[in-house]
Amino acid sequence: MSFDLVLIGGTGDLAWRKLMPALFQAWRHGTLPAGGRILAVSREDMDSAAYRVWLQQRFQDLSGPTRPTAEALAAFTAQVHYLQVDLAQDAHYPALRRWLKEPAAQEGRADGPAEAVVFYLATSPHLFPQVCRQLGAMGLNGPEVRVVLEKPLGHDLESARAINRAVGAVFGESQALRIDHYLGKSAVQNLTALRFGNALFEPLWRRDSIASIEITLAESLGVGTRGDFYDRTGALRDMVQNHALQLLTMIAMEPPASAHANAIRNEKLKVLQALKPFDAASARRDVVRGQYRAGVCEGRAVPGYLEERNVPAGSRCETFVALRTEVCNWRWAGVPFYLRTGKRLAAGTACIVVNFRAVPHPIFAGPHPANRLVIKLQPADGLELHLLAAQGPTGTQALAPVSLDLDFDHAFAEDRVGAYERLLLEAIHGRLNLFVRNDEQEEAWRWVEPVLQAWREDDAAGLGPRPYAAGSWGPAAASALVARDGFTWAEEQ
């Protein structure tokens, strides 16, 4: 199929660190459709030849399989083009329309208009309304067009609704693809397969067999040079409202009637609507916010958040969140879900831990850990099933923990696909399963708003986030949060 993929914000970090490497990998794997063009749009003054040189220089900063040979990069960038457009200037948009629509101005295509046109808005969300309005004014919103919206989609519920109204005035809901790159991870895709493609786990996937569920999205990195952006966002908006809640819905949703996008999204929405709502009291009791101080992370001394570049003095921005919630329905009633994310933690890891209940009547001596299923998302993705096995001679047998470990990189080495690679291909083909619908997004914002309000009140009263040392697993209150229910985080077991 022929396609045009327009990266709006084509010289930004997201474009060259994530999107271009993902497109190169798709090209290398042979899954990027032939006859396509990739157009980078930015206000930087350069032409396509200069942009290809610029992109080649950026690729030299990458490592691993995304770093191509010079020959491979030259072959890939033959379909990469550049157009100088200042998105804040309405007068610049006709040039974009001419490049896409008019044969005389088209670069790299001689066979007419593209079958699919994807606009990837890799730019600040405050530009989304203006960009969408101008694309509509230029007639660039036909049925073949999709628009991909990168997070953060709003700062709160009202701003998210404003963006959705602006996008919805130009594009239909089936054309608006709200991206969450965690949904493109292989381990998350295998979570769906684990539950709904196998008969083994689904009968156990309920309150009768599961004691608790943990979702951890931990980073060992600090805010780096993004202090100004991060201070306006914080961990709750940056990670919980989107990534963590999307993972929770995948874990907790009912089996969909089909693999159709809306069947899956409907079930995810039901989970969000069933989340136990916060009020002022529960937001303070069941949510822990923290901010890292100086410490030692991965063997080196690192500064605290307040010493990072571009962070305002005395900032109360949270760099850590841990919370407890429940899904109030028949399947999950009474099962605590613990969500945790933070920067400058002891390890950079993302995983989901399903803690099963202990056997109802133990016949072996001694305390033993209950079974656990660990779904690893990064740095490597795979599955670990923690069981108990007998050891020692007959008559004196004791139980010892053992694990079954599936490493997806090893099992599917030749077919590994990165998250952004998968999501970009889905966008080109117009498949919606891995993108977030507007009602999901707004429901997630509605759920976190009481927490944000409680924090605003605490800030006004001089109560800020709890300090924790860089290189630790966050404030001690996060351990106390799960200990109230008789549990511990996975690394503490």
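Tutor: A residue is called buried when its relative accessible area is under 20%, exposed when the value is over 50%, and partly exposed in between. The structure shown is a predicted model. With those limits, Cys 328 counts as partly exposed, because its relative accessibility is 46%. Cys 297 is buried, with a relative accessible area of 2%.

Cysteines raise the matter of disulfides. A disulfide is a covalent bond between the sulfur atoms of two cysteines. The cut-off used here is a pair of cysteine sulfur atoms within 2.5 Å. For Cys 297, the closest cysteine sulfur belongs to Cys 351 and lies 17 Å away, so the two are too far apart for a bond. In total, the structure holds zero disulfides.

Next come some backbone angles. Most residues other than glycine have a negative phi, and most peptide bonds are trans. Glu 298 is not a glycine, yet its phi is positive, at about 55 degrees. Glu 298 sits in the loop that links strand 9 (295-297) and strand 10 (300-302). With a relative accessible area of 60%, Glu 298 is exposed. Asn 310 is another non-glycine residue with a positive phi, in this case about 65 degrees. The loop between strand 10 and strand 11 (320-326) holds Asn 310. Its relative accessibility is 48%, so Asn 310 counts as partly exposed.

A cis peptide bond also occurs. The bond from Gln 378 to Pro 379 is cis, with omega near 10 degrees. Pro 379 belongs to the loop between strand 14 and strand 15. These two strands form a hairpin with three residues between them. Strand 14 (residues 372-378) and strand 15 (residues 382-391) run antiparallel and are joined by five bridges. Within this pairing, Val 374 stands opposite Glu 384 in strand 15. On to strand 16 (residues 398-407): strand 15 pairs with strand 16 in the antiparallel sense over ten bridges. There, Ala 389 stands opposite Ala 400 in strand 16.

Leu 121 stands opposite Leu 149 in strand 5.

In helix 5 (residues 128-137), the buried residues are Phe 128, Gln 130, Val 131, Cys 132, Gln 134 and Leu 135. They pack against strand 1, helix 4, strand 4, strand 5 and helix 6 (157-168). After helix 5 comes Gly 139, with a positive phi near 75 degrees.

Last, consider helix 1. Two packed helices are described by the angle between their axes and the distance between the axes. The axes of helix 1 (residues 13-29) and helix 2 (residues 48-59) come within 11 Å and cross at roughly 100 degrees. Helix 1 is therefore roughly perpendicular to helix 2. At this contact, Trp 16, Met 20, Pro 21 and Phe 24 of helix 1 meet Tyr 51, Trp 54, Leu 55, Arg 58 and Phe 59 of helix 2. By class, this contact has eight nonpolar, no polar and one charged residues.

Helix 1 also meets helix 3 (residues 70-77), with axes that come within 11 Å and cross at roughly 95 degrees. This pair is therefore roughly perpendicular. Met 20, Leu 23, Phe 24 and Trp 27 in helix 1 meet Ala 72, Ala 75 and Phe 76 in helix 3. This contact has seven nonpolar, no polar and no charged residues.

Methods
Residues numbered from 1 in each chain as written. Predicted model: local features only at pLDDT ≥ 70, side-chain atom pairs only at ≥ 80, totals over all residues. Heavy atoms only, no water. Axes fitted to C-alpha atoms, helices over the stretch in contact; angles between N-to-C directions. Helix = DSSP H or I, 4+ residues; strand = E, 2+ residues; numbered from the N terminus. Parallel < 35°, antiparallel > 145°, perpendicular 65-115°, else oblique. Contact = heavy atoms within 4.5 Å. Nonpolar A, V, L, I, M, F, W, Y, C, P; charged D, E, K, R; others polar. Buried < 20%, exposed > 50% of the residue type's maximum accessible area, 1.4 Å probe, protein only. Pairing = 2+ DSSP bridges.
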